[in-house]
Amino acid sequence: MEFGEGSLTRLRVAGGADPLWDAALSLHLLQNRQESLVYDAWRREVRAALHRERLTEDVRALMPLCPASGYFPDFLTPSTGEASLEHGVDRVMSTPRRRLVTELTQLCADLRGPVPRSVRWVATGEPAALHWLGTTLRRYHAVAVSPYLGAIGARVAEDRARRAEAALGGGAEGLLASYTELPGWRWHGTRLAAPYPEARVVRLRGRTLTTVPGFFCVRAPLTLVNDALPPVLVYPTPPDPGWLPRLRAGAGRPSVAQLIGTSRAQLLELLQRPMTTTALAAALRLAPSTASRHATVLREAGLVVTNREGNRVLHRRTALGRALLEGTAPGPVTIPAPGTAPGPGTAPARGTLPGPGAVPHDASPDSP
């Protein structure tokens, strides 16, 4: 990506995951075995759900339009993280026939053997064909993406906080430099370089580049083939191994948000690594004063600790905060021997006064 004059000032990070990019990239993963440790459990769940919803054949017909490798049509991913699924699907269904023919002809050039029936049908631009395409995309998203939006949202919010902190500290160049934490990415001068299946240079020429986090994007970024379209760079933000069992375990427990509120639960989720108030506010789209107030409440409850490191004030999740999110018991509490001062994480000796907000040991749960 070459940033000419004015392009740096127009750089933007998408507000969240893009539903149609998620649909397309997840469809790729169903057709290959990439990152099996991370996605195999998801693959098994989705294939079972497709069979249960009687959607397997339609998705098989969709796959030639969006193959796992090589070119796939730009019209399948028309938005840049700002549109809802319905708005994106409406744009797909409104694709002019001339564009359909152009992009599907390019797709067919990479195909081996006869052109699949679904590709020929969509290329006609017939209302019935586009209705099938839109309906299948919606139904596929409902099975393969929507049930996992909790994990997707948490991962994207964490990444967005990282980008916001980099931008606040170093401007547009700081933001672009933050992507060099991804394997093989480099930022030098006015060029952002990343691994890509083929040699390619995208010259922005003052246009706005939108970077879009991709939960189902692995190894290499993606961008639109047609340079005349608004520039987009989808970059990998895959989850950690074991994400799906953790998500399923959480689904079986009462929601933490019901106990402490949605914003505070999201803030606690984000604090799996230290973050500043400003970064939390950017990730949650809150005013800094509101984010600070939520952090204060969580700190007073013992769920968060706050420390100064240099010129930054960082919030961290405590063991109690992690236990609350995971629905597990915190570590054992030890009582010091008589005459010794209680250390960090120990209970006060019997007979001492409880701290602010603590409940006396002889109080009942219903006491005022």
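Me: Which residue stands opposite Leu233 in β5?

Reply: Thr211 stands opposite Leu233. The model is a predicted one, and every value here is computed from it.

Me: What makes β4 and β5 a pair?

Reply: Two strands count as paired when at least two bridges are found between them. Strand β4 (residues 210–214) and β5 have five bridges, in the parallel sense, so by the two-bridge rule they are a pair.

Me: Why are β1 and β5 called edge strands?

Reply: The open sheet has three strands in the order β1-β4-β5, with parallel pairing. Its edge strands, β1 (12–13) and β5 (232–236), each pair on one side only.

Me: What makes β7 and β8 a hairpin, and what is said of Gly310?

Reply: There are two residues between β7 and β8 in this hairpin. The strands, residues 304–309 and 312–317, pair in the antiparallel sense over six bridges, and Arg308 stands opposite Val313 in β8. Gly310 is in the turn and has a positive phi of about 65°.

Me: Why is Thr136 called buried?

Reply: Its relative accessible area is 3%. The cut-off for buried is under 20%, so Thr136 qualifies as buried. Thr136 is found in helix α7, and it touches Asp58 and Leu62, leaving aside residues up to four places away in sequence. Over the chain of 368 residues, buried ones make up 42%.

Me: What makes a set of residues a nonpolar core, and which residues have the most contacts inside the largest one?

Reply: The members must be buried, be of the nonpolar kinds listed for a core, and be joined through side-chain atoms within 4.5 Å. The largest such set has 57 residues, and Trp42, Val122, Leu133, Tyr140 and Phe216 have the most contacts inside it. Helix α1 (residues 19–31) gives the largest share of this core, eight residues. Apart from it lies another core, of 18 residues, with Ile260, Ala265, Leu270 and Val304 among them.

Me: Which residues does Trp42 touch?

Reply: Beyond four places in sequence, the residues touched by Trp42 include Leu29, Leu30, Tyr140, Phe216 and Trp243. Ser26 and Tyr148 are also among them.

Me: How many cavities of 30 Å³ or more are there, and what makes such a space a cavity rather than a pocket?

Reply: The count is two. In a cavity a 1.4 Å probe fits but cannot get out, whereas a pocket is open. About 60 Å³ of space lies in the largest cavity, so it passes the limit of 30 Å³ or more for the count.

Me: Which elements give two or more residues to the lining of the largest cavity?

Reply: They are α1 and α7 (127–144). The largest share, four residues, comes from α1. Among the lining residues are Leu20, Ala23, Cys66, Leu76, Leu137 and Tyr140. Tyr140 is also one of the residues with the most contacts inside the largest core.

Conventions:
Residues are numbered from 1 along each chain as its sequence is written. This is a predicted model: local features need pLDDT of at least 70, side-chain atom pairs count only at pLDDT 80 or more; totals for chains, interfaces and linings use all residues. Side-chain values use heavy atoms; hydrogens and water are left out. Buried means under 20% relative accessible area, exposed over 50%, partly exposed in between (1.4 Å probe, protein chains only). Contact means heavy atoms within 4.5 Å. On a 1 Å grid over the protein atoms alone, a cavity is a set of points where a 1.4 Å probe fits but cannot get out, and a pocket is an open set with protein on both sides within 12 Å along at least five of seven lines; lining residues have an atom within 4 Å of a point.
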